[in-house]
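Trainee: I have a chain on the screen and some questions about how its parts pack. Can we go through them one by one?

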Amino acid sequence: MSILLFVFIVMPIAEMAVLIQVGGMIGVFNTIGFVLLTAVVGAWLLRQQGLATLLKANQRLNSGELPAKEVAEGLILAIGGVLLLTPGFITDTIGFLCLIPFTRHWLAAQALKRMVASSKSGGFYFRAGGGQNPFGEDPFGPRDNPFGRQGPFDRDSNGEIIEGEYRDETKTRHERLDKK
């Protein structure tokens, strides 16, 4: 409740106080121009940093790695973008801090320290904030069988393994190009 109180009551009042003070010092139109300028510069930085983060995430996915850091940075970039579009100097300052690579990397590292990912017994469990798996050892129950690990939905309604055969009918790129 205290976070919502801060976000919806204290923050707008603080923003108004700062805008009034700055407007009194440099004038109303200069203040409005400065707020618009920070929004334009912030949008440009958001686009630039967002594309760089997206490319890093794509490279990690292509190499078979989990892009957890890039996902966290993407969320921080989104928060920074929203803060920059909100009129006010306090939110703009926090938004720019979210867009600067050094502070964004630090914020992402702090966020990732609080998250726990474990893969016990072939299952995957993810929880923000740490703590134990509330479902026990494996959230999908035991899955040992003579055919190796089974996914949680690889069984029919009676709990039996569904067996079958398949034939790969996908064509290679070379075969597709020959027919054109």
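Mentor: Start with a term: contact means heavy atoms within 4.5 Å. Keep in mind that this is a predicted model.

Trainee: Against which elements do the buried residues of helix 1 pack?
Mentor: Helix 1 covers residues 2-26. Met-11, Glu-15 and Gly-23 are buried in helix 1. The buried residues of helix 1 pack against helix 2 (28-62) and helix 4 (89-99).

Trainee: In what order do the elements of the chain run from the N terminus on?
Mentor: The chain holds 6 helices and 2 strands. From the N terminus on, the order is α-α-α-α-α-β-β-α.

Trainee: What percentage of the residues count as buried?
Mentor: Buried means under 20% relative accessible area. The chain has 180 residues. The share that counts as buried is 22%.

Trainee: And how much of the accessible surface belongs to carbon and sulfur atoms?
Mentor: The accessible surface of the chain comes to about 13,700 Å². The part that belongs to carbon and sulfur atoms is 65%.

Trainee: Back to helix 1. How far apart are its end C-alpha atoms?
Mentor: Helix 1 has 25 residues. At 1.5 Å a residue, helix 1 should span 36 Å. The distance between its end C-alpha atoms agrees with that: 34 Å.

Trainee: Where in helix 1 does the kink lie?
Mentor: Look shortly before the proline Pro-12. The kink there is about 35°. It lies at Val-10.

Trainee: Now the rings. Which residues form the aromatic pair?
Mentor: The count comes to 1 aromatic pair. The pair is tilted, with 35° between the planes and 5.5 Å centre to centre. The partners are Phe-34 and Phe-89.

Trainee: Is Phe-89 buried or exposed?
Mentor: The cut-off for buried is under 20% relative accessible area. Phe-34, at 42%, counts as partly exposed. Phe-89 has 12% relative accessibility, so Phe-89 counts as buried.

Trainee: Which elements are among the cover of the buried residues of helix 4?
Mentor: Take the buried residues of helix 4 to begin with: Phe-89, Thr-91, Asp-92, Gly-95, Cys-98 and Leu-99. Their cover includes helix 1, helix 2, helix 3 and helix 5 (101-113).

Trainee: With which residues is Pro-67 in contact, leaving aside its neighbours within four places in sequence?
Mentor: Pro-67 lies in the loop between helix 2 and helix 3 (68-85). At 8% relative accessibility, Pro-67 counts as buried. The C-alpha atoms of Pro-67 and Ala-57 are separated by 5.3 Å. With those neighbours left aside, the contacts of Pro-67 are Ala-57, Arg-60 and Leu-61.

Trainee: On to charges. Which residues are linked in a network of salt bridges?
Mentor: The structure holds 3 salt bridges. Glu-65 pairs with Arg-60, the closest N and O atoms being 2.9 Å apart. Glu-70 also meets Arg-60 in a salt bridge, at 3.4 Å, N to O. The network links Arg-60, Glu-65 and Glu-70.

Trainee: Is Glu-70 buried or exposed?
Mentor: Compare the relative accessible areas. Glu-65 is partly exposed at 38%. Arg-60 is partly exposed at 27%. Glu-70 has 9%, so Glu-70 is buried.

Trainee: With which residue does Glu-73 meet in a salt bridge?
Mentor: The N to O distance is 3.4 Å in the salt bridge of Glu-73 and Arg-104. The pair links distant parts of the chain, with Glu-73 in helix 3 and its partner in helix 5, 31 residues apart. Both Glu-73 and Arg-104 are buried. The partner is Arg-104.

Methods. Residues are numbered from 1 along each chain as its sequence is written. This is a predicted model: local features need pLDDT of at least 70, side-chain atom pairs count only at pLDDT 80 or more; totals for chains, interfaces and linings use all residues. Side-chain values use heavy atoms; hydrogens and water are left out. Helices (H or I, at least four residues) and strands (E, at least two) are DSSP runs, numbered from the N terminus. Buried means under 20% relative accessible area, exposed over 50%, partly exposed in between (1.4 Å probe, protein chains only). Accessible areas come from the Shrake-Rupley method with a 1.4 Å probe; for residues, only the protein chains shown count as cover. The expected span of a helix is 1.5 Å times one less than its number of residues. The bend at a residue is the angle between axes fitted to the seven residues ending there and the seven starting there. Rings of Phe, Tyr and Trp (its six-membered ring) pair if their centres lie within 6.5 Å; planes under 30 degrees apart count as stacked, over 60 as edge-to-face and the rest as tilted. A salt bridge is a side-chain nitrogen of Lys or Arg within 4 Å of a carboxyl oxygen of Asp or Glu.
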